[in-house]
Amino acid sequence: MKRIIYKDDDGVAVIFPSPEWTGTIEELAKKDVPTGKKYKIVDTSSISSDRTFRNAWEVDESLLTDGVGE
């Protein structure tokens, strides 16, 4: 299972595909990541399940190399 991460004004945003989504993860990223925002598609295992400090999550923008929201 994959997730999409990108930086927004509050830190790191994570997009979880709905079970009903029938397209590819790449199509979802282009559709749902805000226009102009770089994103990365990552394995679910790389996203912490501990939500205690969720607003403190960070990602180096240089790692967001899979595309840009349209």
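Let's start in the middle of the molecule: its largest nonpolar core holds 10 residues, namely Ile4, Tyr6, Ala13, Ile15, Ile25, Leu28, Ala29, Val33, Tyr39 and Ile41. A nonpolar core here is a set of buried Ala, Val, Leu, Ile, Met, Phe, Trp, Tyr and Cys residues joined through side-chain atoms within 4.5 Å. Buried means under 20% relative accessible area, exposed means over 50%, and partly exposed lies in between, using a 1.4 Å probe and protein chains only. The elements β1, β2, α1 and β3 each give two or more residues to this core, and α1 supplies the largest share, three residues. A second, separate core has six residues, including Val12, Val42, Val59 and Leu64.

A word on the model: it is predicted, so local features need pLDDT of at least 70 and side-chain atom pairs count only at pLDDT 80 or more, while totals for chains, interfaces and linings use all residues. Residues are numbered from 1 along each chain as its sequence is written, and side-chain values use heavy atoms, leaving out hydrogens and water.

Now for the elements themselves. The chain has one helix and four strands, in the sequence pattern β-β-α-β-β. Helices (H or I, at least four residues) and strands (E, at least two) are DSSP runs, numbered from the N terminus.

Two strands count as paired if DSSP finds at least two bridges between them; β3 (residues 38-43) and β4 pair over two bridges. Within β4, Val68 stands opposite Lys38.

Next, find Pro17 in the loop between β2 and α1. Is Pro17 buried or exposed? At 19% relative accessibility, Pro17 counts as buried. Beyond its neighbours within four places in sequence, Pro17 is in contact (heavy atoms within 4.5 Å) with Lys2, Arg3, Ile25 and Leu28.

Finally, step back to the whole chain. Buried residues make up 30% of its 70 residues, and its C-alpha atoms fill a box of roughly 30 × 25 × 15 Å along the principal axes.
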